[in-house]
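I opened this notebook to record, entry by entry, what I looked up in the structure. The entries begin with one chain and then turn to the other.

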Amino acid sequence: MAASDIRNAQADGAEPVGDEAATTDARPRLPHLNRTDPPAYLQNYLNREAQGGKRHELDGGTAPDSGRTDDTPLYLRRFRDRKSGAHPLESPLPEWEGQDLGVTLARAQITKTKEIVPEDAQQAGAKVLTQVHIIRHGETQGYSTESGLTPLGSWQVHRRGFDISKSLRDGERVHIVSADTNRARQTSEGIRKGLLDGLTMWGREAEVSEVHPMEEFRNFQVWTPEGLRDVTGAFRLYKKEMEKYERVAMGNRPSWLVEIDRFWQTQAGGGDPITLWTQIPMLNFEPPSATVRRFWAGIERIRTEYPGDRIIVGTHSGPIRVFAISAFGYDPGEPYNTEEVIVRLLEEKSALIAYRNRVQEVQVPQLDLLPDWWERLEGAALPSAPRQEARA
Amino acid sequence: MGILRLSHVEVRVPDLELATAYYTEVVGLYETAREQDRVFLKCWDEQQHHSVILTSEPTYGLNHMGWKVRYREDLDYYTDRLAKAGVDVIRYAAGEIGPGHGEAIRFTLPSGHVMELVYGMQIVGNLLPLVNPPPKPINMVGFAPPRLDHIFITCEDVAGNTVFLQEVLDFHLTEQVVGDDGFQVATWLERSHHSHDIALVTGKDRGLHHFAFWVDDWTAIRDTADVLAYHGVPIETNPTRHGATRGHCIYFFDPAGNRNEAFTGGYQVDPEEPPITWTEAEMGRAIFYYDGVVDQHFLTVHS
């Protein structure tokens, strides 16, 4: 940033971080920058400044223990001081199944605080209609069962919610949705708790919805004889069928089994199965472009149903990644636990998409006008659903 | 007579408010004066008006370092010495540099660092009474170091600057890292009869490697780490020990990117004692004794 930018940022007196009422005192604020992620100690400092900024006789103030005209014991006054403000220690700690989390903060550190944030679109003249955070779930027990988040994962998602709360304004409405798996739902729920804790801490009022599942944001699907599943949901059947073929050592495996085996073998070998899914055409897996289309459909529905709300979506890495790939035109990589892609819907059917230090403006695809790949095709070239329609 | 110790540092910060919040809430310094673009701070046990000056500038790093001299005549004495060495000296009246500041001379080291000698900074007292004081104030926040300790700068010509400090300003060399090619990689020098007041390491001219706050013991280093971790301050090096100076230390960064240290330990030294030498092969141990390997991040990141 150039020197002049900084000076400008200081000159226009920019919005205070955190508590906006913190600077009612006569003392002018020091030169400062606008931050999306102010540390808590800055808030402590601003609170102190709001009370005159005096900490001791030295700077012209009165130390808590020097009010000698008063017989109230020091510890009682200290206790009252503490009670009068919302002390961070008084907000509830995140819990997992009713138990305190014995994990370190560092590993649960939110993964994206120091990255480039798109310029406030309002400054740039555009109006943000809706902002959508598409967030990967926290750490899970594994992908072979629907076992939900680990304690660390719960802590991570709580932190993410807490982090998002810093950017909420008074009166903002937040709508929280999730994919229909345990890990995604628990992620959205944890984010919701973190949000509420953060709002309490910053003393802000925002309307936060309960968590609702949204089909459009489900994980990419794989076909199994029992129906469409996400890869985790299909794991048990896959294992069972594979064992059967291994025991009898004969017969050709059906193609869904071959493909899901490739997927899980990649995972077992330490590779990245999501890369496989994005790059290898698989007839029994939902095509990545269909997933992207589905996400845009979900975003369109949100725009209509909750205009102006902040939307938080707890979902899975695969869809998030192909959504970003589709916007950027290259593969920015697998999102970490609780890493997010931010979609800012602007007027005129355009959107800003931010992920991993890159911001891309895209046109929101008009889904009705996208090509129909089966136009004028007949017979076996058609996917099964239109084929059945034709028969009927 | 002569230079007593490191008096103060002036560092640049792009976000003065955030830096002030950090140095008062996390480090626990006390604000003694403020101007439009500068904030003056002191540690709790220091008697003089300030030891850290934060200056709002669009970058980070060291603006100048100030050294306290015992007598006003020391300013004249070193003005002469510096003039003989061909160094230009600017003299400032008391209060000219800033609120509470004493009479001072400023000059530039061969490495380009601006150095100041100051006499008679305003004495504001520490936070304790002079009669029957308690051992420390009770209402402090942050890790609350009692005083500023030393400064570590980077320069291209360590040997040249070391000689300058020794011959013109009467510093005493306590330790050095000597490379296999015979050149000094890093040096430690003192005026206060402790292991070091200033150190130099090979790097960019005018660079600040870190400045250090004194804390009272090894346990206080732990408490410092607790405070830093609590506030989410990036800790670069966990509590450990130096080979050179034998000190205990922890390194971390202020929000602008200036490296800070909390330091304790070290040893007493007399001016005639010969320096300790570390070889290039053992340089890792000279820096972090337990790790024993050269930490590239530590050696290359500076402000």
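This is a predicted model: local features need pLDDT of at least 70, side-chain atom pairs count only at pLDDT 80 or more; totals for chains, interfaces and linings use all residues.

Residues are numbered from 1 along each chain as its sequence is written, and chains are lettered from A and ligands numbered from 1 in the order in which they are written.

**Chain A**

I find 11 helices and 11 strands in chain A, taking both as DSSP runs numbered from the N terminus (helices H or I of at least four residues, strands E of at least two). Of its 392 residues, 34% count as buried, a term that asks for 20 or more other C-beta atoms within 10 Å of the residue's own, whereas exposed means 12 or fewer and partly exposed lies in between, with C-beta atoms placed from the backbone.

I then followed helix α6 (residues 235-248) and helix α7 (residues 255-268) of chain A, whose axes come within 11 Å and cross at roughly 110 degrees. This makes α6(A) roughly perpendicular to α7(A), the word used for 65 to 115 degrees (under 35 is roughly parallel, over 145 roughly antiparallel, and the rest oblique). Axes are lines fitted to C-alpha atoms, for helices over the stretch in contact, and angles run from 0 to 180 degrees between N-to-C directions. Where they meet, α6(A) brings Tyr238(A), Glu241(A) and Met242(A), and α7(A) brings Leu257(A), Ile260(A), Asp261(A) and Trp264(A).

**The sheet of chain B**

In chain B I traced an open sheet of nine strands with mixed pairing, in the order β14-β15-β16-β13-β9-β12-β11-β10-β17; two strands pair if DSSP finds at least two bridges between them. At the edges stand β14 (235-241) and β17 (276-279) of chain B, each with a single partner strand, so one side of each has no neighbour in the sheet. From one strand to the next the twist averages 20 degrees.

Thr240(B) has Cys249(B) as its bridge partner, and Ile235(B) stands opposite Phe252(B). On to β16(B), the antiparallel pairing of β15(B) extends over seven bridges, and six of the seven residues of β15(B) are buried. Helix α4 (residues 218-230) of chain B lies across β14, β15 and β16 (259-265), running at about 165 degrees to β14(B).

**Helix α2 of chain B**

My last entry concerns helix α2 (residues 72-84) of chain B, whose 13 residues reach 19 Å from first C-alpha to last, close to the 18 Å expected at 1.5 Å a residue, the expected span being 1.5 Å times one less than the number of residues. Which residues of α2(B) are buried? I find Leu75(B), Tyr78(B) and Leu82(B), and they fall within an arc of 75 degrees seen down the helix axis, so they line one face of α2(B); the arc is that of the directions from the helix axis to the C-beta atoms. On the other side, Glu73(B), Asp76(B), Asp80(B), Ala83(B) and Lys84(B) are exposed.

Methods:
Two residues are in contact if their C-beta atoms, placed from the backbone, lie within 7 Å.
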